[in-house]
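Hi,

Here is the structure I promised to pass on. Have a look at it first, and my notes follow below.

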Amino acid sequence: MYSVTLLLICIGLSARVDADFDYFLFVQEWPQTVCQMAKVDERCKIPVNCTGWGIHGIWPTQLGKEGPNYCNASARFSWEAIDNLTGELMQNWPNCYVSTPFWSFWEHEYMKHGTCCTGISSMATEYDFFSTTLQLYHKHSVYNILQASGIYPSNSTGYQASVITDKIQTITSTKPLLYCYYDKFDQIQMLQQIVLCMDKSFSLIDCPEEPHNSCYTNKPVYYPERVPNS
């Protein structure tokens, strides 16, 4: 009996990896750009009730490194466990790829990142992970931050990436990260993701400088208007 118990403990330990991290990347994405990036064989549709930016995820991160990721291989995602959050998740954390199960995006984010947050009391369970992230989204909505900065979706007005960064920093008092998508066919650069960095108490902090910025500094950044049923 002792040997069986010890074996089960060892299996459980081997399924886990070091989940130590320094800060969070809170990543929000613009659904219109997400659908612009979709491959030809991927059907992308923005949910009707998704009118703002969508959550991509909240990622525990080690300074100067990527990850940790997939911290518990024995964990299992259950969308039934977050059933009463489904409506809010579909609106604010949407899976725009209609060829995949509606919950598959959440499963991916929980398994890759959520399993590394369990040492934080407010993210100890699957439900806690999603509930807390939704609360952070309402508190730090990129859509609202951009509006407060005087930046609105437009297919005719472009911005320098540094201007967007500076305006967000003025509102939040912290430095964000910007990610862009460059459409080679139309030769335009579109705002894709904005990252707000947080400490383990979920207070905003400056994001560390990244060696490679996905936004071209010599090209304007467009914040594309929403297209119905795109």
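Read along the sequence, the chain runs α-β-α-β-α-α-α-α-β-α-β-β-β-β, with seven helices and seven strands in total. Helices (H or I, at least four residues) and strands (E, at least two) are DSSP runs, numbered from the N terminus. Please keep in mind that this is a predicted model, in which local features need pLDDT of at least 70 and side-chain atom pairs count only at pLDDT 80 or more, while totals for chains, interfaces and linings use all residues. Residues are numbered from 1 along each chain as its sequence is written, and side-chain values use heavy atoms, with hydrogens and water left out.

Of the 230 residues, 45% count as buried (under 20% relative accessible area, with exposed over 50% and partly exposed in between; 1.4 Å probe, protein chains only). Among contacts (heavy atoms within 4.5 Å) between residues at least 6 apart in sequence, 75% join residues at least 24 apart.

Now to the helix pair H4 and H5. How do their axes cross? The axes of H4 (residues 104-112) and H5 (residues 126-139) come within 11 Å and cross at roughly 105°. Axes here are lines fitted to C-alpha atoms, for helices over the stretch in contact, and angles run from 0 to 180 degrees between N-to-C directions. The two helices are therefore roughly perpendicular to each other (65 to 115 degrees; under 35 is roughly parallel, over 145 roughly antiparallel and the rest oblique). Trp106, Glu109 and Tyr110 of H4 meet Glu126, Phe129 and Phe130 of H5 in this contact. Those residues divide into four nonpolar, no polar and two charged (Ala, Val, Leu, Ile, Met, Phe, Trp, Tyr, Cys and Pro count as nonpolar, Asp, Glu, Lys and Arg as charged, and the others, Gly among them, as polar).

The buried residues of H4 are Phe105, Trp106, Glu109, Tyr110 and Met111, and their cover includes strands S1 (23-29) and S2 (54-61), helix H3 (86-92) and H5. For H5, the buried set includes Glu126, Phe129 and Phe130, and what covers the buried residues of H5 includes S1, S2, H3, H4 and S5.

Helix H7 (residues 161-172) is worth a look too. Its 12 residues reach 17 Å from first C-alpha to last, close to the 16 Å expected at 1.5 Å a residue (1.5 Å times one less than the number of residues). Which residues of H7 are buried? They are Ala161, Ile164, Thr165, Ile168 and Thr172, and they cover an arc of only 95° around the axis, which puts them on the same side of H7 (the arc is that of the directions from the helix axis to the C-beta atoms). After H7 comes Ser173, with a positive phi near 65°.

- Gln189, in strand S5, is buried, with a relative accessible area of 2%. Leaving aside neighbours within four places in sequence, its contacts include Cys180, Tyr182, Cys215 and Tyr222.
- Gly67 and Pro68 are joined by a cis peptide bond, with omega about 20°. Pro68 sits in the loop between S2 and H3.
- Tyr70, in the loop between S2 and H3, has a positive phi of about 45° although it is not a glycine. Tyr70 is partly exposed, at 44% relative accessible area.
- Gln187, in the loop between S4 and S5, also has a positive phi, about 55°. Gln187 is exposed, at 59%.

Best wishes
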